[in-house]
Amino acid sequence: MSRDTRQPTGGTALTVADTAISFTAATLTNAKHGVITVEAGAVRFWDDGQTPTTTAGQLANVGDVISYLEEEDMVIALTKFKAIRTGATSGTLVASFYD
């Protein structure tokens with residue numbers, strides 16, 4: 001049985017309202033892996049720099065987990081990540097980052 005040796009490098013919680021929001025560069029310092037859980041309300045997101053709308057973007061529902069497992073992909077994707085809520089209830093993205 002192998003043991004996961006990743007160490008936490010940080011984390012944050014973002015409230016996703018009716019304006020697209022991004023992670024800050026400081027949040028991603030030294031991160032190689034990321035796990036984001038959607039709580040409170042559904043969101044739409046893009047991780048390629050596009051700005052999502054309430055009807056356009058990848059849909060993530062409450063309880064969904066968005067994972068970035070490869071360092072290069074994670075850093076590129078999360079520096080371009082933007083999310084917006086899809087309905088009247090703001091979503092919360094709870095993110096944990098690891099080395």
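Which residues form one aromatic cluster? In this predicted model, in which residues are numbered from 1 along each chain as its sequence is written, local features need pLDDT of at least 70 and side-chain atom pairs count only at pLDDT 80 or more, whereas totals for chains, interfaces and linings use all residues. Side-chain values rest on heavy atoms, with hydrogens and water left out. The cluster is formed by Phe23, Phe45, Phe81 and Phe97.

A search of the whole structure finds three aromatic pairs, where rings of Phe, Tyr and Trp (its six-membered ring) pair if their centres lie within 6.5 Å, and planes under 30 degrees apart count as stacked, over 60 as edge-to-face and the rest as tilted. Phe23 and Phe81 form a tilted pair, at 5.2 Å centre to centre and with 45 degrees between the planes. Because Phe23 lies in the loop between β1 and β2 and Phe81 in the loop between α1 and β6 (82-85), this pair ties together parts that are 58 residues apart in sequence; helices (H or I, at least four residues) and strands (E, at least two) are DSSP runs, numbered from the N terminus.

The rings of Phe23 and Phe97 have their centres 5.9 Å apart and their planes at 90 degrees, and the pair is therefore edge-to-face. Phe97 belongs to strand β7, 74 residues from Phe23. Buried means under 20% relative accessible area, exposed over 50% and partly exposed in between (1.4 Å probe, protein chains only); Phe23 counts as buried at 7%, Phe81 at 1% and Phe97 at 0%.
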